[in-house]
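Q: Hi! I'm new to this one and would like a quick tour. Could you load it up for us?

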Amino acid sequence: MNDPIIKKFVVVAHKLLVTEVESRIRRLAIDRESVPSCDSNLLINCQLDVQQIAQRKWLIDYASRNGIDQLREQAARVWFNRLVAIRYMEVHDYLPCHLRFFSSSNGLSAPQVIEEALNVEIADIDQSHIIQLIQAGDDEALFHYLLVAQCHELGRSMSLMFGSKLDALDLLLPDRLLGEDGIIDMLVGKIPEREWLEGVGILSRFYQYFTDDWRDKIGDNLKKGKKISGVDVAVATQLFTPDWLAEYIAQNTVSRLWTEVHPVSQAPQDMLYRKAKDSARPMREIAPQEVTVCDPACGSGSILVHAFDLIVRIYEEAGYSRRDAARCILETNLTGFEIDSCAAAIASFSLMMKALECDNRFLRRGVQPRIVVFEPIEFTESELADASALRERRYLLDLLKDFGRYGSLIHPDQCDIDALAEAKLSASPGSALYEKIALADEYFQMLAQTYSCVVSYPPYMARRKIDGEYSAFLAKHYQQSSANVGTAFLERAQQLSGSFGYTAMILSQGWLFLKSYAEMRKQFFESNSVVQLLDVGADGFNNVQAGAMTAIVVVLDASQASLACDFLDVTASPDEASKRRQLLNIVSAKDGLNAFTRGRDFFRQLPAYSLSYRLADSVAKALHVEQSISCISTEVGFVATGNNARFMRLWHEIPFFEIGARWQKYAKGGEFRRWYGNTDHVVYWEGDGAEIKLAQSCAVSERDYREPYISWSGLCSTRLSFRYCSGGVMADKASPSIRVNHFGDWSGTYSIAGFLNSSVTMLLGAVLCPTLNKRESDLRALPIEEDVPGNPRAAQLAKSSIELSKLDWDSFETSWDFKRHPLL
C-alpha cells in the first residue's frame, strides 16, 4: 500500500470535509445558543421537513452535550468513512445497484450513477424527484439525493457504517461533493484503483490518518499537563495494526488452537509460530463453531479480518461451502468490542467485505458482524422509581453511565446480571426503560461470556496521563496491571478467555522489564501461561510514528500448560517486510540465533522478574551473588535548584576567584564520557546554599562534595559511562552519584570506577536499569565479588584511565583546570 499517497489525500480531505461540515452547521444554526424552533429566521437557505426538524433537534442536543467541535469532527469522520466505503464497494462491484457512484465506467467526467440516474435501482427512491432534479440540471442535488438513498439501503445490512433512515448526520453531508478538487474528485483521482484492490486494510489506513489531527491536539494537551479524558483514549492511541502482526496474532491463537487438536489439518499456511515443545495441555476435539475469537478493543478490525481468513479455511476443511462458512463466522465465531463508533464501523464493514468475497449475495442474508459499540446508559429518576432492583445499586448505575468510557474493561458479576434481569421483568416492553435495561443486559451477557481466542492491539496509555475517574477505575479493578490501559486489557483478556484457548496481544516493549509489571510477569510465568513472545522492537509499524513505537506480542495459554516460553527476536530487522521474513526463518529453524526458550526457573534469578531472555545462564546466575555495590557504597546527596536560570552558571560566566566561595563546582550529567569530565557548571552556594535550601529541599551535606565519588548521567539513551569526581564538586539531580566506603585510602573508589566502566557492567546494567533513567538504587544492585574493591591491580588501571581522561578534558578551554593546549 502506498502510504504517502494515502496520507497526502487524507490530510487535504480532512480539512475540506471539516470546512464543509462547519458550513452546514452554520446554515442549520446549530452553532447558535437557544434556537427556539426550526422555523427560526436563523436558518440560512434551509427548508426542513418534519423528519429533518427532528434530526436537527438531535444535532442540537448532541452539540449541547459534547460541544460543537466534537459534533463537527464526528460528522466529518462518519461521512469520510461512508465515502471511502462506497468507493471500495464500487471498485469491487459490491454495490447493490452495480453502478459506479463516484467514477465513470466509460471515461466520462460525470459519475456513472448520474449518467444512469433514471435506471438506478436503490430502495425507496422517488423517481419523480429524480426526474425533477435531472430537468433542473442540478447534478449536485441529484448526487446528494442518490448518495443518501444508497447509504440508507446499505444501512439495512451495515448499520454501524451507514446508519439508518433516521440518521441525523444526513443533515451534515457536505453540499459540494462533485466538481474539480472536490472530495469525490480527489478520492477517485488521487488514490489509484490498484490500492483499493489490495484489500479492506486500506480503510483502516484512511481512518488512522484522518484522526491524526485529533491525536495531535490530544498530544499537545498532554504536553501542557492536561489529562486525557476516557473517551479520547481510543483515538489518542489508535495505530494501524500491520498486516504481518495481525497475521501473527491470528495464527498464534486460531491456527495454534485448531492444529493442536487437528494435527493433520492443512488450514494454516506460512506458519508464523513455533509449536510448544514442552506442554501438558489437555486435548479434546473441537468443531469450527467452537473457535470463538474476541477482540476487546477491536479498533478498525485488522486482527479480526485475518482471523476470518483462517476460520474460513477451517470451515472449508470441515466440509462447509464458503457461503455457509461466511455466515457461520459472522454469527458465531467473531466478536469485537469498541468505544469508538467510527473505528467499529470500519471493523464491521471490513468483515462484511470479507463475507462478500465468499458470497456475493451476502448483503441479502440479514446477517451483521458481532461488533459492539458500547454507549453510555443513563436512567432518569422517574425510570429508577419503576426499577427497584436498580435503584439501590448506585455502583452498577455508575458503570452503565460510563460504558462509553471503559467499554470491555467493565467486568460484570452475576449479581449485576441478576439485577438487570429482575429490573427487566418489572419494566413495560417497548418503554424507554425496558429498552435501556435490555441494552445493558445485552452488553453484560456478551462481556460475561468466555471465548477460545482473545486477541487485541489495545490502547496503550499510562494511567498517570488519564483523567482522575478513569485512573481510579483502573486502580480499583485492575490493581496488578493498573499502570497502563494496555496491560489492564491484558488482564481483562484472561477473564474473557476460557480454560482451553489462547490470548495474544501487542504491548509496549516496556512490559518486558518495567518494575511496575513485575508481579504481572511473575504471575504469568509461575502459572505456566506464557507460550510465546515476539520481540518486535522499533520500526515494526511502517506508517505514522514509525520507529517511535517499540512492541512485543505476548501469547498466553489459558490452560496454563506451557512449561517453557519461546522468545522470538526480530528487533534487528529494520522494517515490516524484513521482520516478517526473519520471523518465518526463525519458526522454520533457518535462524537459530534469535530464538530462545526460557522457563520460570531462569527468570526467577533476575531482579523484578525481568524478561531479559537473551542473557546466558551464567550471566543470570551472576546476578545472584550475595554482595552488591550497595554493600560497599552510599548514595551522594544531590542539589535540585528548582531554578537553574537563577542558581546555575557555566564556570567561565562568573569571576574565577568566586569558585569555591560563593559558587561551587557542579556535576550535571552530560553526554557519553568515561572516567573523568562533564564538569563545566557551578552552582550558587553562598551561605551554605541558603537561598536554594529556602526554595528547595536539598539532601546534601558538606561531606557529599568534599570527598571523591563516582557519578554518571541519570538520563541516558546510549551506553552507560561512569566518571570519577574529585573532592569539591557537588552533584546535580541529573547526575546520580555513589561514594565508595573508605578502606584506608581511595583505591576502592578507583576499583569500583573500573568495574562500573567494564563490559560486565554494560551487560548487567541493561538488565538492572533497562529504561532511559539510570537510578542509584538500580545500579547499586549490581553484583560484585568481594575482592574487587581492594584489588590493587584494578585500582591502578582505573586510576591511570582517570588520569588520562582528565588530561584530555583539561586540554581544552572548557575545563576550569585548563593550562595550555597540548599542541602548543
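Q: Thanks! At roughly what angle do the axes of helix H21 and helix H22 cross?
A: The axes of H21 (residues 414-426) and H22 (residues 432-448) cross at roughly 150° and come within 10 Å. Helices here are DSSP runs of H or I with at least four residues, strands are runs of E with at least two, and both are numbered from the N terminus. Axes are lines fitted to C-alpha atoms, for helices over the stretch in contact, and angles run from 0 to 180 degrees between N-to-C directions.

Q: Is H21 roughly parallel or roughly antiparallel to H22?
A: Because of that angle, H21 is roughly antiparallel to H22; the label applies to angles over 145 degrees, with under 35 roughly parallel, 65 to 115 roughly perpendicular and the rest oblique.

Q: Which residues make the contact?
A: From H21, Asp-416, Ile-417, Leu-420, Ala-423 and Lys-424 take part. Those from H22 include Tyr-434, Ile-437 and Phe-444. Contact means heavy atoms within 4.5 Å.

Q: Good to know. Where do these numbers come from?
A: This is a predicted model, where local features need pLDDT of at least 70, side-chain atom pairs count only at pLDDT 80 or more, and totals for chains, interfaces and linings use all residues. Residues are numbered from 1 along each chain as its sequence is written, and side-chain values use heavy atoms, leaving out hydrogens and water.

Q: New topic: where is Glu-20, and is Glu-20 buried or exposed?
A: Glu-20 lies in helix H1 (residues 3-27). Its relative accessibility is 8%, so Glu-20 counts as buried. Buried means under 20% relative accessible area, exposed over 50%, and partly exposed in between, using a 1.4 Å probe and protein chains only.

Q: What does Glu-20 touch?
A: Not counting residues up to four places away in sequence, Glu-20 touches Pro-174, Asp-175 and Arg-176. With Arg-176 there is a side-chain to side-chain polar contact at 2.9 Å. A polar contact is a pair of N or O atoms within 3.5 Å; within protein, one must be able to donate a hydrogen and the other to accept it, and residues adjacent in sequence count only if both atoms are side-chain atoms.

Q: On to strands: how many bridges join S11 to S13?
A: S11 (residues 648-650) runs antiparallel to S13, joined by 3 bridges. Strands pair if DSSP finds at least two bridges between them. Arg-649 stands opposite Val-682 in S13.

Q: And S12 to S13?
A: S12 (residues 663-667) is also antiparallel to S13, with 4 bridges.
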